[in-house]
Amino acid sequence: MNTYGYVRVSTKDQNESRQLAAMQEFGVSSNYIILDKQNGKNFDRPGYRRLMRKLHHRDSLWPL
């Protein structure tokens, strides 16, 4: 069982550091945090697609 985190910011100019810090507080290893810098209009995001392929039945996900 793995615990994954998903972090997304809408633009390359936005800073994801607060979300990454929150993931660390939840105990999510940096190796299991997936980051996308893309708008939230749809789910056609590379990191999100990669995350969906990695998740298994007993894994946990912390979305921010």
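Here are some friendly notes on the structure above, point by point.

1. **Ground rules.** This is a predicted model, in which local features need pLDDT of at least 70 and side-chain atom pairs count only at pLDDT 80 or more, while totals for chains, interfaces and linings use all residues. Residues are numbered from 1 along each chain as its sequence is written, and side-chain values use heavy atoms, with hydrogens and water left out.

2. **The fold in outline.** You can pick out 2 helices and 3 strands in the protein, and their order from the N terminus is β-α-β-α-β. Here helices (H or I, at least four residues) and strands (E, at least two) are DSSP runs, numbered from the N terminus. The radius of gyration is 11 Å, close to the 11 Å that the globule rule gives for 64 residues, so the protein is as compact as a globular protein of that length. That radius is taken over C-alpha atoms, and the rule is 2.2 Å times the number of residues to the power 0.38.

3. Of the 64 residues in the protein, 25% are buried. Buried means under 20% relative accessible area, exposed means over 50%, and partly exposed lies in between (1.4 Å probe, protein chains only).

4. **Contacts along the chain.** Take the contacts between residues at least 6 apart in sequence: 64% of them join residues at least 24 apart. A contact means heavy atoms within 4.5 Å.

5. **Tyr 6.** Look for Tyr 6 in strand β1, which covers residues 3–9. Is Tyr 6 buried or exposed? Its relative accessibility is 8%, so Tyr 6 counts as buried. The side chains of Tyr 6 and Arg 45 are joined by a polar contact of 2.9 Å. A polar contact is a pair of N or O atoms within 3.5 Å; within protein, one must be able to donate a hydrogen and the other to accept it, and residues adjacent in sequence count only if both atoms are side-chain atoms. Tyr 6 and Gly 47 are 41 residues apart along the chain, with 8.3 Å between their C-alpha atoms.

6. **Trp 62.** In strand β3 (residues 60–63) you will find Trp 62. Trp 62 has a relative accessible area of 35%, so this residue is partly exposed. Which residues does Trp 62 contact, leaving aside neighbours within four places in sequence? They are Thr 3, Tyr 4, Gly 5, Tyr 6, Met 23, Phe 26 and Val 28. The C-alpha atoms of Trp 62 and Ala 22 are separated by 9.8 Å, and these residues are 40 apart along the chain.
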